[in-house]
Amino acid sequence: MFFVYFASLIYLLAAQGEEESIEDDEFLKPPPDDEGSLAHPLHRTYLQDSYCMDGTQAAAYVYEGSTDDLIMYFYSGGICVEDSTKFLKYGDYVYIDNCTHRNTTFYGTTNGYPEEFNANQGLMGNNKYQNVHLRKAHKMFLMYCDGNMWYKQMNAQVFKGALSQMKLIPKRIILAGSGVGGWYLVNKYNELRTVIKEFYQEDVDLRILLDSVIFDISRNQDIIDAYTEATKRVGLTMDDIFSFDALRKVDVPTFIVHAQYDWWQLEISDGFDCIGKIHLDKCTPKEKKQIEKIRLGILQQLKDLMKAKPDWGLWAISCVFNELIIWTEAWNHPKFQVPMIDGGKLSDKFQDWLENRGDNHVHYDIVSWPDNKPCSNIFHNGKTDPQLDDMIRNYEIKESRRKREEKYDL
Ligand SMILES: *[C@@H]1O[C@H](CO)[C@@H](O)[C@H](O)[C@H]1NC(C)=O
Ligand SMILES: *[C@@H]1O[C@H](CO)[C@@H](O)[C@H](O)[C@H]1NC(C)=O
């Protein structure tokens with residue numbers, strides 16, 4: 001598999017090795033003669049006047065689709081700082097390297113990027129199994145390589161050059177971003193919107209899709225220091241990122257995808273060693289209580305934000321994850337649903353919002369881990385736990401109560 005996914009892939013592979021549950025079903029294999037079941041690779045292109053840390057030209061991977069939709073995806077990857085010794089203990093997962101080191105990795109140079117990218121999944125996938133609604137959309141997967149939260153490699157001119165490489169006049173553009181890619185969009189959407197207006201000179205339905213942006217790093221001074229260093233370097237302040245105030249300024253319809261137990265937030269930033277990127281099984285009752293407080297605090301802010309932004313959408317699952325939209329497992333998989341009962345797949349909910357179908361675009365689990373059972377990695381050898389069956393029943397009851405209450409706005 002492709003090395004850009006190195007760190008995330010290790011995470012997924014580790015998750016599958018440790019828990020038998022993830023790999024058990026048919027959905028991981030596309031049916032052989034399903035229409036469009038062949039996955040097509042994305043093709044490498046270079047962006048004009050756009051450079052990585054080591055001076056190599058920044059790259060993107062392109063899929064030429066056949067609809068009026070264009071998806072421009074800004075990848076995640078943290079930052080670089082001068083001294084990363086405090087973060088070495090976390091390994092690659094922290095996504096905070098020193099700049100000298102990052103210079104030589106795939107987050108700092110496009111040296112060695114292959115011509116074709118085969119591991120595209122989820123929103124970047126182009127078959128029915130990976131990406132049921134948007135598989136035929138035109139796509140550009142923008143690779144992150146400046147260590148500066150996109151601020152060095154991307155600007156209005158570069159973005160215009162990127163658009164000019166796409167062979168369509170789009171009716172709709174989805175600016176999608178994970179992590180720092182998402183925060184870049186939050187801060188720069190206006191410039192990008194201006195470019196889009198000028199370039200196409202007609203109405204384009206512009207949407208933003210934010211995935212796994214972190215909302216709170218307040219409990220870890222080392223992380224605060226690191227991001228302060230990186231934001232200063234590019235002329236931002238800390239209020240421009242990790243902040244609901246920054247989000248509130250955005251005046252483009254935006255859909256937020258959030259794991260209520262984002263492992264980067266909990267494990268790296270909040271320092272819970274018990275997470276292990278997969279589950280909360282190893283956390284003590286006391287830790288679980290602290291984690292709940294953090295989760296509910298963020299969820300409340302998201303709910304408030306949605307009240308203030310009637311044309312926005314939210315999909316927030318009660319599971320341990322980070323980066324949901326570019327993994328088929330999370331984007332278009334029956335095990336990842338909110339609510340967990342039929343019909344809550346992220347790809348479906350996002351599409352409903354995109355097409356302005358239905359009147360509720362705010363979807364969040366109201367239960368704690370592991371009550372969204374299918375996505376919680378807690379099946380052991382297919383045996384179900386009677387306690388969990390109770391949880392599932394309670395979930396259904398609570399969920400229908402919530403629906404009722406929302407309907408009458410109690
Ligand atoms: C830079 O990163 C490398 C690789 O992670 C590490 O071995 C080295 O100690 C780091 N140096 C500083 C000053 O952070
Ligand atoms: C990164 O690599 C380039 C090219 O080799 C070099 O000029 C630059 O000084 C390096 N930057 C850092 C921070 O090591």
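1. A polar side-chain atom of N103 and an oxygen atom of ligand 2 lie 2.3 Å apart; a polar contact is a pair of N or O atoms within 3.5 Å. Taken alone, ligand 2 exposes 360 Å², of which the protein buries 38% (Shrake-Rupley method, 1.4 Å probe).

2. The model is predicted: local features need pLDDT of at least 70 and side-chain atom pairs pLDDT 80 or more, while totals for chains, interfaces and linings use all residues. Residues are numbered from 1 along each chain as its sequence is written, chains are lettered from A and ligands numbered from 1 in the order written, and side-chain values use heavy atoms, without hydrogens and water.

3. Around ligand 2 stand D54, C99, T100 and N103, where a residue is counted if one of its heavy atoms lies within 4 Å. This shell comprises one nonpolar, two polar and one charged residue.

4. Strand β7 (residues 138-142) is largely enclosed by the rest of the structure, because five of its five residues are buried (under 20% relative accessible area, 1.4 Å probe, protein chains only). Strands are DSSP runs of E with at least two residues, numbered from the N terminus.

5. In a regular strand, side chains alternate between the two faces of the sheet. From β7, H138, M140 and L142 point one way and K139 and F141 the other, and all are buried.

6. Strand β2 (residues 57-63) runs antiparallel to β7 and is joined to it by four bridges; pairing requires at least two DSSP bridges. Here Y63 has K139 as its bridge partner.

7. Strand β3 (residues 69-74) runs parallel to β7, with five bridges between them. Opposite Y73 stands F141 of β7.

How values were computed. Buried < 20%, exposed > 50% of the residue type's maximum accessible area, 1.4 Å probe, protein only. Polar contact = N/O pair within 3.5 Å; in protein donor to acceptor, adjacent residues only side chain to side chain. Nonpolar A, V, L, I, M, F, W, Y, C, P; charged D, E, K, R; others polar.
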